[in-house]
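Please open the structure in your viewer and keep the selection tool at hand.

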Amino acid sequence: MSQVKENDTVRVHYTGKLSDGQIFDTSAEREPLEATLGQGLLIPGFEKAIIDMKVNEKKTVTIPMEDAYGDIQQELFHKVDNSQLPEEVKPEVGMGLVSRSEDGREHQFRVAQVNEDHIIVDGNHPLAGQDLTFELELIEIK
């Protein structure tokens, strides 16, 4: 029986959990995740966990934050004056915001703090700074 190797395209069912057991994402009620390994589309620890799996194999792995979304980077927190926000935006902690740079690229932020005259936005991935546990089932190697 063949095993997953670098650059294979695979289909995987997964359930991702935080260290407290809370599920943050799962493919249980939808099609399995399909991805080609080695293209940087998956977090490094997820790819490493799939290597050498066989079809129908199941396993649970804990991925340290360094192999997931990294540590929280303080330089990705930014102060934004309320005058820079559109009038219709009433910021609340946890709210998602999108900023467009001069070259047209979109950047995702979350409101981390609301003050009287400014807000602090966080550009880190929402799962940065956390170890993640995944229950994996390899469905297919293409």
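UniProt positions are given here in the numbering of this chain, feature names are shortened, and annotations may be inferred rather than shown by experiment. Select residues 7-101: an unreviewed UniProt entry places the feature "domain: PPIase FKBP-type" there. The end C-alpha atoms of this span lie 33 Å apart, and the span is 7% helix and 35% strand.

The model is predicted: local features need pLDDT of at least 70, side-chain atom pairs count only at pLDDT 80 or more, and totals for chains, interfaces and linings use all residues. Residues are numbered from 1 along each chain as its sequence is written, and side-chain values use heavy atoms, with hydrogens and water left out.

Next, select Y14, F24, F46 and F134, which form one aromatic cluster. Rings of Phe, Tyr and Trp (its six-membered ring) pair if their centres lie within 6.5 Å; planes under 30 degrees apart count as stacked, over 60 as edge-to-face and the rest as tilted. By this rule there are four aromatic pairs. The ring centres of Y14 and F46 are 6.0 Å apart with planes at 85 degrees, so this pair is edge-to-face.

Is Y14 buried or exposed? Buried means under 20% relative accessible area, exposed over 50%, partly exposed in between (1.4 Å probe, protein chains only). Y14 is buried, at 9%, and F46 is buried, at 5%.

Finally, select F134. Leaving aside neighbours within four places in sequence, F134 is in contact (heavy atoms within 4.5 Å) with residues including Y14, F24, F46 and V61.

Conventions
Helix = DSSP H or I, 4+ residues; strand = E, 2+ residues; numbered from the N terminus.
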